[in-house]
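Reader: I've just opened this one and would like a hand finding my way around. Could you walk me through it?

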Amino acid sequence: MVELLCHAGQVIELTEYRASLYDYLKHRMMAIAPNVTALVGELVGARLISHAGMNSLLLFIQTSFIHRKCRVHTDCLYCGVLNEI
């Protein structure tokens, strides 16, 4: 029973940490790339910038890659795999 309470506390801490990370990502993406954030959202925008290496290199990413990233993200949202906090 004690272990169960310990694990429940860890789950709560991880959930709070995840919420704080999402808030951080949302604020950073709005500061760094507001247009990209408005078009594709915070998570996909961060993944695109990560793939490009830096914000200014987003110009050189092929559109097919961007379409695939957006498609996977929206499919996951509709399936309920990803849930925003």
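What follows is a short chat about the helices and one glycine.

Author: Before we start, this is a predicted model, where local features need pLDDT of at least 70, side-chain atom pairs count only at pLDDT 80 or more, and totals for chains, interfaces and linings use all residues. Residues are numbered from 1 along each chain as its sequence is written, and side-chain values use heavy atoms, with hydrogens and water left out.

Reader: What is the order of elements in the protein chain, from the N terminus on?

Author: Helices (H or I, at least four residues) and strands (E, at least two) are DSSP runs, numbered from the N terminus. The protein chain has four helices and zero strands. So, by those runs, the order reads α-α-α-α.

Reader: What share of the 85 residues of the protein chain counts as buried?

Author: Buried means under 20% relative accessible area, exposed over 50%, and partly exposed in between, using a 1.4 Å probe and protein chains only. By that cut-off, the buried share of the 85 residues is 18%.

Reader: Which residues of helix α3 are buried?

Author: Helix α3 covers residues 42-52. An α-helix has 3.6 residues a turn, so residues three or four places apart point the same way. The buried ones in α3 are E42, V44, G45, L48, I49 and A52.

Reader: How do the axes of α1 and α3 lie, roughly parallel or roughly perpendicular?

Author: Axes are lines fitted to C-alpha atoms, for helices over the stretch in contact, and angles run from 0 to 180 degrees between N-to-C directions. The axes of α1 (residues 2-32) and α3 come within 10 Å and cross at roughly 70°. Angles under 35 degrees count as roughly parallel, over 145 as roughly antiparallel, 65 to 115 as roughly perpendicular and the rest as oblique. That makes α1 and α3 roughly perpendicular.

Reader: Which residues in α3 do Y22, L25, K26 and M29 in α1 meet?

Author: Contact means heavy atoms within 4.5 Å. On the α1 side we have Y22, L25, K26 and M29. Their partners in α3 are E42, L43, G45, A46 and I49.

Reader: Leaving aside neighbours within four places in sequence, which residues is G45 in contact with?

Author: G45 is found in helix α3 and is buried, with a relative accessible area of 0%. Once its neighbours within four places in sequence are set aside, G45 is in contact with M29, V36 and V40.
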